[in-house]
Amino acid sequence: MLTPSDKALVPFVSVDHMMQLIHHIGIEEALKGLADYIEADFRRWELFDKSPRVASHSPEGVIELMPTSDGEVYGFKYVNGHPKNTADGLQTVTAFGLLADVATGYPVLLSEMTMLTAMRTAATSALVARTLAPKGATTMAMIGNGAQSEFQSIAMKAIVGIDTVRLFDTDPKATAKCAANLAGSGLTVVSCASAQEAIEGAHILTTCTADKQYATILTDNMVGAGVHINAIGGDCPGKTELAPAILKRSDIFVEFPPQTRVEGEIQQLDADHPVTEFWEVLSGAKPGRTSQSQITLFDSVGFATEDFSALRYVRDRIEGTAYFHPLDLLADPDDPRDLFGMLQRSNG
């Protein structure tokens, strides 16, 4: 057995270490930190390689790769989406990701991303809501009370400043689970019997359901003027949550149009329907909310730069801590040309 050299070792953040790291920082502080990194990377949008994710669809779900690079660091995430998994006691979404040094190609971080994706999705939603939601927004309707619902609620509290969340799910057990998990969070939690009841008085409407189908979670007559819609559940071809009429009444903001037009709510609209890229709002190139009566809609499908930002955040926050394993991932022979000799010596 050969002892691996320092060049062979890559920091690996396990699920347990990720959870310890989040608790060490604090859940709300970690969400704020992630939002800062995501915003910083949206502000340097033009530096990034951008392409729609590489997806392999099946009747049961989808497996995707999400790569990007800023020219100095390369990153990718492996992620799946299988709505029926929960019936078998499995997660709908699992993920892991990697950062690598562009100059050498060497990985510099390998991390679980199931937990991290939940955090970065919530941080992105709250960052956008802070930018586009009506001033003084205090109440969010959370429609769909699955694995993402608590993260969304706490992120909106920490980053936007809401104090009330109104919950609805077609499965009352999911709502009860979410309400129990949010007890002690500082939010006023209201469990509702319908989506209509949940959105009453809400300034932010978040839809996050899992069915892989064209669904109408919100109908046109349910949505009044002046709200911000955070539509995050429609994220693959054939999977939407909003009535098309809502989209036509809204100003729509997206991450990366070529991906969102295939996977997002706007797959229901003409291919040239106008949308605004979120980075353009942050840069001042395009307006965001322009009136209190405007409906703003964030048609979010998740983009590779957000995962890149989240991995950067983790890379920076684990430095000098014990929240990672040094993983023997890279073969490092004494002579780079003698990989076979390394194999032979390992049997000595």
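Mentor: What follows is a discussion of the strands, the helices and a few single residues.

Trainee: What kind of model is this, and which residues count for local features?

Mentor: This is a predicted model, in which local features need pLDDT of at least 70 and side-chain atom pairs count only at pLDDT 80 or more, while totals for chains, interfaces and linings use all residues. Residues are numbered from 1 along each chain as its sequence is written, and side-chain values use heavy atoms, with hydrogens and water left out.

Trainee: What is the strand order in the open sheet of 8 strands?

Mentor: The order is 9-8-7-10-12-16-14-15, with parallel pairing. Helices (H or I, at least four residues) and strands (E, at least two) are DSSP runs numbered from the N terminus, and two strands pair if DSSP finds at least two bridges between them.

Trainee: Which strands stand at the edges?

Mentor: Strand 9 (188-191) and strand 15 (276-277) do; each has a single partner strand, so one side of each is left without a neighbour in the sheet. Strand 15 pairs with strand 14 (residues 251-254) in the parallel sense over 2 bridges, and Glu277 in strand 15 is the bridge partner of Val254.

Trainee: Are the faces of strand 16 covered or open?

Mentor: Both faces of strand 16 (residues 296-299) are covered, with Thr296 and Phe298 buried on one side and Leu297 and Asp299 buried on the other. Buried means under 20% relative accessible area, exposed over 50%, and partly exposed in between (1.4 Å probe, protein chains only).

Trainee: Which strands does helix 4 lie across?

Mentor: Helix 4 (residues 149-160) lies across strand 7 (139-143), strand 8 (164-168), strand 10 (204-207) and strand 12 (228-231), running at about 165 degrees to strand 7. Helix 5 (residues 172-182) also packs on the sheet, touching strand 8 and strand 9, and its direction makes about 160 degrees with that of strand 8. Axes here are lines fitted to C-alpha atoms, for helices over the stretch in contact, and angles run from 0 to 180 degrees between N-to-C directions; contact means heavy atoms within 4.5 Å.

Trainee: At what angle do helix 1 and helix 10 cross?

Mentor: The axes of helix 1 (residues 15-25) and helix 10 cross at roughly 75 degrees and come within 12 Å. The two helices are therefore roughly perpendicular to each other, a label given to angles of 65 to 115 degrees, whereas those under 35 count as roughly parallel, over 145 as roughly antiparallel and the rest as oblique.

Trainee: Which residues make the contact?

Mentor: Met18, Leu21 and Ile25 of helix 1 meet Tyr313, Val314, Arg317 and Ile318 of helix 10.

Trainee: What does helix 2 pack against?

Mentor: The buried residues of helix 2 pack against helix 1, helix 3 (114-132), helix 4, helix 9 and helix 10. Those buried residues include Leu31, Leu34, Tyr37 and Phe42.

Trainee: Is Leu282 buried or exposed?

Mentor: Leu282 is buried, with a relative accessible area of 12%; this residue is found in helix 9 (residues 278-283). Leaving aside neighbours within four places in sequence, Leu282 is in contact with Glu39, Phe42, Arg43 and Thr131.

Trainee: Finally, how does strand 5 pair with strand 4?

Mentor: Strand 4 (residues 73-81) and strand 5 pair in the antiparallel sense over 7 bridges, with Lys77 opposite Gly97. Strand 5 is also joined to strand 6 (residues 107-112) by 5 bridges, again antiparallel. In the hairpin of strand 5 and strand 6, Gly105 takes a positive phi near 80 degrees.
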